Amino acid sequence: MTDTSTHISLAAQRLGALGHRSGQSPFGSSLPTATRLWLDWADLATRRSNIRRVNAWGLPGSPVHHLDQVLERSGYGQGPTDEDCDSYLSQLTAIAKSDQLAARIVVQRILPGLIATALRRGRIVHEGASGALDELSSAAWVVIAKYPIERRSRRVAANLLRDIEYHAFVRDARTKRARSEFASEASTLTILGAVAPGRRTSIVAGVFGADESFDPTAEAAEITSVLHDLERLGLRSIDMESLHEMLSDKISPESAREAGISARALRDRRANAVRRARELLNVEDEDCS
């Protein structure tokens with residue numbers, strides 16, 4: 001364990017490895033986000049208020065005198081299968097769900113893993129490793145706050161890293177593809193924005209755009225109302241199924257595979273469903289521009 005009276009801080013070690021020198025801008029390094037995080041850590045790790053706060057959490061071991069000790073006890077620089085470190089990190093992550101300082105410590109603890117993931121992802125994303133690390137570090141806060149520590153209390157670092165990578169690159173990419181797909185069909189999806197003559201909603205813009213006034217509860221009620229109207233008016237079941245499928249979070253290729261048809265056939269099926277629904281609702285093209 002670290003001798004706090006003589007040791008070189010982890011921040012100093014890592015900043016040197018990143019090529020950062022005192023007085024330089026973080027943006028001069030190859031990974032500015034990592035540099036900023038370590039510069040921030042150098043400051044917060046020695047604050048007496050932070051040290052008192054951490055010691056009040058009741059984590060295993062003697063009181064700490066530097067937050068580097070918390071990183072090390074939670075597995076930073078230790079073997080990946082160290083059960084004591086894993087248990088310590090598990091307890092720290094539980095606290096992090098409701099404590100910002102604990103969450104910040106967990107981010108620093110898994111930073112080497114985030115960097116390794118960023119370097120790997122950097123080979124296939126447009127922004128390179130630096131941009132990938134930006135995405136990962138942003139996702140880390142969300143994942144840590146929501147991590148189900150009660151159900152997944154072992155191998156916490158590895159699990160967090162997998163969840164963060166999924167959140168940053170798989171789930172968000174899936175959402176972006178879905179938004180792009182729906183945007184390309186905006187002229188047909190506006191059927192859901194015309195519930196009755198003279199009555200319009202912002203369903204499509206709210207769900208797939210950046211409308212700050214979007215009320216998901218109200219809009220869900222509007223969608224349900226439209227679908228009920230279409231069912232009452234006699235829209236064919238296959239067309240109803242298509243509309244429900246369009247409103248799911250699945251993208252065309254995935255839905256096509258499940259239906260056992262080609263993506264093009266699925267798009268034709270969607271277009272036909274929308275056309276028939278618009279006819280039943282007497283929606284004119286100019287009303288949905």
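1. Helices, as the term is used here, are DSSP runs of H or I with at least four residues, numbered from the N terminus. In this predicted model, Ser 137 belongs to helix 8, which covers residues 128-146. Its relative accessibility is 11%; since buried means under 20%, Ser 137 is classed as buried. Between the C-alpha atoms of Ser 137 and Ala 118 there are 9.7 Å in space, while 19 residues separate the two in sequence.

2. One aromatic pair is present in the structure. The ring centres of Trp 38 and Tyr 76 are 6.0 Å apart and the ring planes stand at 80 degrees, so the arrangement is edge-to-face. Trp 38 is part of helix 2 (residues 32-44), whereas Tyr 76 sits in the loop between helix 4 (68-73) and helix 5 (83-96); the pair therefore ties together parts that are 38 residues apart in sequence. Trp 38 and Tyr 76 are both buried.

3. Helix 2 also packs against helix 6 (residues 100-109): the two axes come within 11 Å and cross at roughly 130 degrees. The two helices are therefore oblique to each other, and their crossing is left-handed.

4. Which residues of helix 2 and helix 6 meet? On the side of helix 2 they are Leu 37, Trp 38, Asp 40, Trp 41 and Leu 44, and on the side of helix 6 they are Leu 101, Arg 104, Ile 105 and Gln 108. By class, this contact comprises six nonpolar residues, one polar residue and two charged residues.

Conventions: Residues are numbered from 1 along each chain as its sequence is written. This is a predicted model: local features need pLDDT of at least 70, side-chain atom pairs count only at pLDDT 80 or more; totals for chains, interfaces and linings use all residues. Side-chain values use heavy atoms; hydrogens and water are left out. Rings of Phe, Tyr and Trp (its six-membered ring) pair if their centres lie within 6.5 Å; planes under 30 degrees apart count as stacked, over 60 as edge-to-face and the rest as tilted. Buried means under 20% relative accessible area, exposed over 50%, partly exposed in between (1.4 Å probe, protein chains only). Axes are lines fitted to C-alpha atoms, for helices over the stretch in contact, and angles run from 0 to 180 degrees between N-to-C directions. Angles under 35 degrees count as roughly parallel, over 145 as roughly antiparallel, 65 to 115 as roughly perpendicular and the rest as oblique. A crossing is left-handed if the near helix is turned anticlockwise from the far one by less than a right angle, and right-handed if clockwise. Contact means heavy atoms within 4.5 Å. Ala, Val, Leu, Ile, Met, Phe, Trp, Tyr, Cys and Pro count as nonpolar, Asp, Glu, Lys and Arg as charged, and the others, Gly among them, as polar.
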